[in-house]
Amino acid sequence: MVNVISQIITDEEHRDFADFMYRLFTEEGKFFLRNDVWLKWRQWCREHEKPSGVMENSKTAGFLRKVNELLIIDNLALIMHRHERGKIRLYRMNRSCDYLQEISISRYLDYKDAYVIGNKPSANRDTLEIDFMPFYDYSPNVRTVKNVGKGVSFLNKHLSSRMFQKADEWGNKLFDFIKLHRINGQQLLVNQAILQNRDDCLDALEKTIQMLEKEDPETPYVQIEREMKLNGFEPGWGYNVQRITETMELLKGLFYEPRSGALEEFISRVPMISKVAILSPHGWFGQENVLGKPDTGGQVIYILDQVRALEKYLVSEYEMAGIDVTPKIIVLTRLIPNAGNTSCNQPKEDIIGTEYSYILRIPFYDDGGNVIQDWISRFKIWPYLDRFAEDCENELLAKLSGRPDLIVGNYSDGNLVATLLSDRLKVIQCTIAHALEKTKYLFSDLYWENMEQDYHFSCQYTADLLSMNRSDFIITSTYQEIAGTDDRMGQYESYQYYTMPGLYQVINGINLFSPKFNVVPPGVDEVNYFPYYDVDKRTDSRTRYWEERIFHDQEEDIHGYLEDPEKPPVFTMARLDRIKNITGLVEAFGMDPELRKHCNLVVAAGTIRMEESEDVEERNEIEKMYSLIEKYQLKGSIRWLPSVPKQETGSVYRIIADKGGMFVQPALFEAFGLTVLEAMQCGLPTFGPIFGGPSEIIINKKSGYLMNTSRPEMMAGDIMEFIAKCEKDPEHWKMISENGIKRVRENFTWARYSDKLIRLTKLYGFWRFAESEEGMVRMNRYCDLLYHLFLKPRARAILG
């Protein structure tokens with residue numbers, strides 16, 4: 001192996017580098033993460049009185065800044081160097097620090113296994129290795145990491161280039177794709193008996209376009225239907241002459257001289273999506289009294305808003321196509337018989353704000369065929385999903401009178417079920433992770449066995465691998481969900497290479513540079529969420545009710561009181577779990593006397609009653625809440641309410657804004673942050689974590705504030721900075737408020753989201769038909785083996 005140390009460190013710096021590494025070598029058996037390495041380097045530089053240029057700007061500093069993890073074992077340093085987002089190099093260094101060599105992923109993971117298990121690295125060669133990369137040979141790759149997440153744009157150019165290079169072959173493929181489409185038994189676009197090939201279609205296009213040029217552009221389709229059908233064209237081209245002509249000109253141009261923009265624009269007009277299935281099995285999926293319950297939060301809001309916007313978009317699309325079609329959207333989730341005050345025991349529930357969409361609940365069954373009555377944690381539902389997928393398939397075929405046109409999975413469990421359904425029904429699959437747990441729970445892969453009884457990550461991470469690799473396309477809310485930041489690994493990126501010692505090693509878990517990745521941020525429900533100063537839209541009775549409940553009522557389900565209710569409130573709202581870090585904000589508030597002097601704290605999270613919680617993590621957080629309130633004597637400056645019903649949250653945000661308050665999302669990590677968007681849309685100055693999606697929503701100190709939520713004192717400092725600026729400049733609060741509203745309205749809308757989702761479905765459907773299906777078959781069969789021989793038996797074993 002080649003010694004590459006001279007490529008990494010200059011001769012002049014080698015002594016400093018060796019001295020620093022020797023410091024780390026004294027900690028044999030230690031696992032250092034990026035921040036650990038960097039802090040120790042800065043500490044070493046200060047102890048040795050090194051100038052700031054050496055500490056920050058030397059070649060050594062540049063190398064160490066990108067060390068993602070470093071392990072000391074057997075007098076060797078094992079280094080993961082993340083030299084670029086999505087790309088790593090792995091090194092092994094001897095104790096004398098004069099030899100640095102690049103090693104393979106397998107070898108590196110062997111060392112990590114040995115670190116946990118205690119064997120020699122060479123003793124781990126009987127470990128199962130999982131490698132998906134050979135099955136991506138059917139797919140082109142995005143070239144640069146900055147273009148990751150722009151898959152549809154890349155794919156559009158790729159397909160257009162293929163059409164240009166092989167015009168006849170790809171022109172025939174496009175014609176074959178067009179003639180496939182039927183809805184409810186009605187042939188669309190072309191009559192195959194008249195137009196039998198591309199050349200027939202071209203001749204008919206020329207003739208029909210000439211005919212349409214003589215008509216009034218506003219002439220409706222029904223008035224020219226007879227002539228269109230005589231020329232071989234069925235409904236679906238447009239609702240009037242102008243729209244039909246535009247669509248036909250796009251197709252004609254693609255046959256003669258393909259352009260990337262024209263391909264996407266034409267495919268987006270093909271009426272091919274009318275039936276959508278959305279999977280979200282876990283948690284309490286309903287429209288009332290569910291938010292704040294275990295496993296139930298932003299994902300429910302996301303899906304309900306998504307369905308409303310998607311139905312509206314599809315209705316409009318079929319009107320534009322000139323076809324009388326009623327779209328159907330079904331959200332499939334679990335039926336929970338012991339549903340308390342929720343509707344989760346109702347098999348069918350119409351979705352408010354829609355005409356044709358509903359929730360369909362299907363029960364879980366035990367081995368004896370009995371319906372399971374109670375809620376089950378998202379970490380423990382794996383044994384039930386195979387049967388659940390079969391039942392979903394049967395229900396969908398019956399309710400939709402055939403297959404859906406698109407299957408959308410949500411979170412790890414929903415994506416696994418979507419994968420099983422997509423494979424059985426041969427339907428386009430979209431994956432939406434919302435939040436992959438792997439980056440949220442530190443070392444959860446390396447020490448999986450210690451967490452297995454409570455979390456079953458061996459099942460969850462395997463399910464993630466299967467769904468993300470089999471999916472036709474993946475939607476994320478942010479770029480960093482895929483490839484992270486310069487300082488933090490992305491959620492999907494963390495699945496590239498990892499080991500679960502004693503179980504398997506992942507050599508290549510996901511191809512980040514596949515064009516399947518697309519960043520499509522969600523929007524905000526503008527009916528519920530509007531600025532606080534739009535008083536004509538507000539309901540006086542609801543405002544009075546919530547003002548009283550938030551600041552004054554002494555109900556049994558509320559803890560604490562406010563000695564001075566006129567102080568600006570610091571408001572937070574989320575589930576009570578460790579990652580949401582509500583208790584971290586309570587501690588930040590309690591430990592800062594200045595913050596308590598200027599503000600009150602209002603918390604809407606979970607329940608104040610321990611006996612009402614069935615979730616271990618939530619119960620721990622409830623106990624911690626009481627402990628902190630007592631420790632800092634907060635009863636006169638805190639109000640702890642149960643979770644606010646979804647339909648009332650807009651009113652609550654606006655009331656907090658009326659008081660000159662602020663919204664704080666203190667999560668240790670937030671994949672996106674719907675509550676951040678909602679609060680900003682209501683004009684409430686908003687604080688979010690730098691870790692995750694909020695950093696792509698908030699422009700720091702302009703449209704909100706970003707915080708390091710890992711330490712309570714840092715959160716308190718950021719909030720006090722804002723308060724101090726508002727005291728100095730009374731217009732500062734209003735400036736942040738207005739900029740937040742503007743930021744959301746210009747960048748985060750459900751109309752834009754719906755347009756993008758349907759365009760993605762259609763273009764990836766064309767790609768699957770024209771080029772990728774054969775290659776995907778090999779990927780699917782590999783995934784089948786992992787599912788049936790590994791994941792399915794392991795999931796069954798959870799039941800004992």
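Cys 97 is placed in the loop between β4 (87–94) and β5 (100–102), where helices (H or I, at least four residues) and strands (E, at least two) are DSSP runs numbered from the N terminus. The phi of Cys 97 is positive, at about 60 degrees, although the residue is not a glycine. Most residues other than glycine have a negative phi. Cys 97 counts as buried because its relative accessibility is 1%; buried means under 20% relative accessible area, exposed over 50%, and partly exposed in between (1.4 Å probe, protein chains only). The model is a predicted one, in which local features need pLDDT of at least 70 and side-chain atom pairs count only at pLDDT 80 or more, while totals for chains, interfaces and linings use all residues. Residues are numbered from 1 along each chain as its sequence is written, and side-chain values use heavy atoms, with hydrogens and water left out.

A positive phi, near 60 degrees, is also found at Asn 75, a residue other than glycine. Asn 75 belongs to the loop between β2 (67–73) and β3 (76–84). With 41% relative accessibility, Asn 75 counts as partly exposed. Thr 10 occupies the loop between α1 (5–8) and α2 (11–25) and is partly exposed, at a relative accessible area of 26%.

The protein comprises 28 helices and 24 strands. Its radius of gyration is 29 Å, close to the 28 Å that the globule rule gives for 800 residues, so the protein is as compact as a globular protein of that length; the radius is taken over C-alpha atoms, and the rule is 2.2 Å times the number of residues to the power 0.38. The C-alpha trace spans about 85 × 75 × 60 Å along the principal axes. Of the 800 residues, 62% count as buried. Among contacts with a separation of 6 or more, 71% are made by residues 24 or more positions apart, a contact being heavy atoms within 4.5 Å.

Strand β17 (residues 504–508) is largely enclosed by the rest of the structure, because 5 of its 5 residues are buried. Strand β6 (residues 128–131) pairs with β17 in the parallel sense over 4 bridges, pairing being assigned if DSSP finds at least two bridges between two strands. Within this pair, Leu 128 has Tyr 504 of β17 as its bridge partner. Strand β16 (residues 498–500) runs antiparallel to β17 and is joined to it by 3 bridges, with Thr 499 opposite Gln 505. The hairpin of β16 and β17 has 3 residues between the strands, and Gly 502 in this hairpin takes a positive phi near 85 degrees.

In a regular strand the side chains alternate between the two faces of the sheet. Both faces of β15 are covered, with Phe 473 and Ile 475 buried on one side and Ile 474 and Thr 476 buried on the other. Strand β14 (residues 428–432) and β15 are parallel and share 3 bridges, Thr 431 being the bridge partner of Ile 474. Strand β18 (residues 517–519) is likewise joined to β15 by 3 bridges in the parallel sense, and Val 519 of β18 is the bridge partner of Thr 476.

Grid points are joined across faces, edges and corners, and a volume is the space filled by probe spheres set on the points. Two or more lining residues come from each of α13 (298–321), β15 (473–476) and α24 (674–681), and α13 gives the largest share, 5 residues.

The largest pocket has a volume of about 1400 Å³. It is lined by 41 residues, with Leu 33, Asn 35, Thr 439, Leu 442 and Arg 488 nearest its centre.

Methods:
1 Å grid on protein atoms, 1.4 Å probe; cavity = no way out; pocket = protein on both sides within 12 Å on 5 of 7 lines; lining within 4 Å.
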